[in-house]
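Thanks for coming. I will go through one structure today, helix packing to begin with and then the sheet.

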Amino acid sequence: MLDAFFEFDKRFYAGQITDEETRKNPHGFVVFDGRGYPIRETAKFIATDPTALAEHLMRSGFRVIPDRNWTEAEISLVCMLLHEAGWERTLRAAEEPVRTMSELLRSRSPLQRLFSNHRSPDSVHRKLEDLRTARKEYATKRTKGGDLTRTVARRYESDPNAVVDAAHRTLLDEVPSPVRRVLLAS
């Protein structure tokens, strides 16, 4: 398995494996040494079925990320930004809190090296808008956002402190201290 990871890295950094190839990965990603590896591409190096490889990796204790979708912890962190800024205010991708949140989310993700736009300031801005429009009191057209985003927005409406507290726990547990200081200060 280590040989497959090494071979993937060698070809990826040589430009022989593109973002497009890794983006369309229905089998998910395996995390090794803090980095994400697409299971489909990795399976090619050991001549095995990607589904069987994913199951084997999970049984062997590897962390497998099924897709690039936003997690509840990530959405809660973004929700915390709205809580601080006010739900009526649109936070733009170029603003410091959005850029800092993007940096934070990218630092937490083993997939950031594979996808240059993974949790970019633009994607954080989009998630902020998804959350804003998912609230019941939002009167105009809603963005798609996804079920988990709507769930976090509804949870926030019923108990804002629980969502903000969960985001703070995530910050305290997982975030490098320089980024944590900037986020907690804002």
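**Helix pair and sheet**

The crossing of helices α5 and α6 is right-handed. Before I go on, please keep in mind that this is a predicted model.

Which residues make that contact? From α5 they are Ala73, Glu74, Leu77, Val78 and Leu81. From α6 they are Pro97, Val98, Met101, Leu104, Leu105 and Arg108. Sorted by class, the α5 contact with α6 consists of nine nonpolar residues and two charged ones, with no polar residues.

As for the geometry, α5 covers residues 72-85 and α6 covers residues 96-108. Their axes come within 11 Å and cross at roughly 165°. The cut-off for roughly antiparallel is over 145 degrees, and α5 and α6 are therefore roughly antiparallel to each other.

Now the sheet. In what order do the strands come? The sheet is open, has three strands, and reads β2-β1-β3, with antiparallel pairing. At the edges are β2, residues 35-38, and β3, residues 63-65. Each of these has a single partner strand, so one side of each is left without a neighbour in the sheet. From one strand to the next, the twist averages 35°.

Looking at one pairing in detail, β1 is residues 29-32 and runs antiparallel to β2, with four bridges joining the two. Within that pairing, Val31 is opposite Gly36 of β2.

Helix α1, residues 2-13, lies across β1 and β2. Its direction is at about 90° to β2.

That is what I have for today.

Note on methods: Residues are numbered from 1 along each chain as its sequence is written. This is a predicted model: local features need pLDDT of at least 70, side-chain atom pairs count only at pLDDT 80 or more; totals for chains, interfaces and linings use all residues. Side-chain values use heavy atoms; hydrogens and water are left out. Two strands pair if DSSP finds at least two bridges between them. Axes are lines fitted to C-alpha atoms, for helices over the stretch in contact, and angles run from 0 to 180 degrees between N-to-C directions. Contact means heavy atoms within 4.5 Å. Angles under 35 degrees count as roughly parallel, over 145 as roughly antiparallel, 65 to 115 as roughly perpendicular and the rest as oblique. A crossing is left-handed if the near helix is turned anticlockwise from the far one by less than a right angle, and right-handed if clockwise. Ala, Val, Leu, Ile, Met, Phe, Trp, Tyr, Cys and Pro count as nonpolar, Asp, Glu, Lys and Arg as charged, and the others, Gly among them, as polar.
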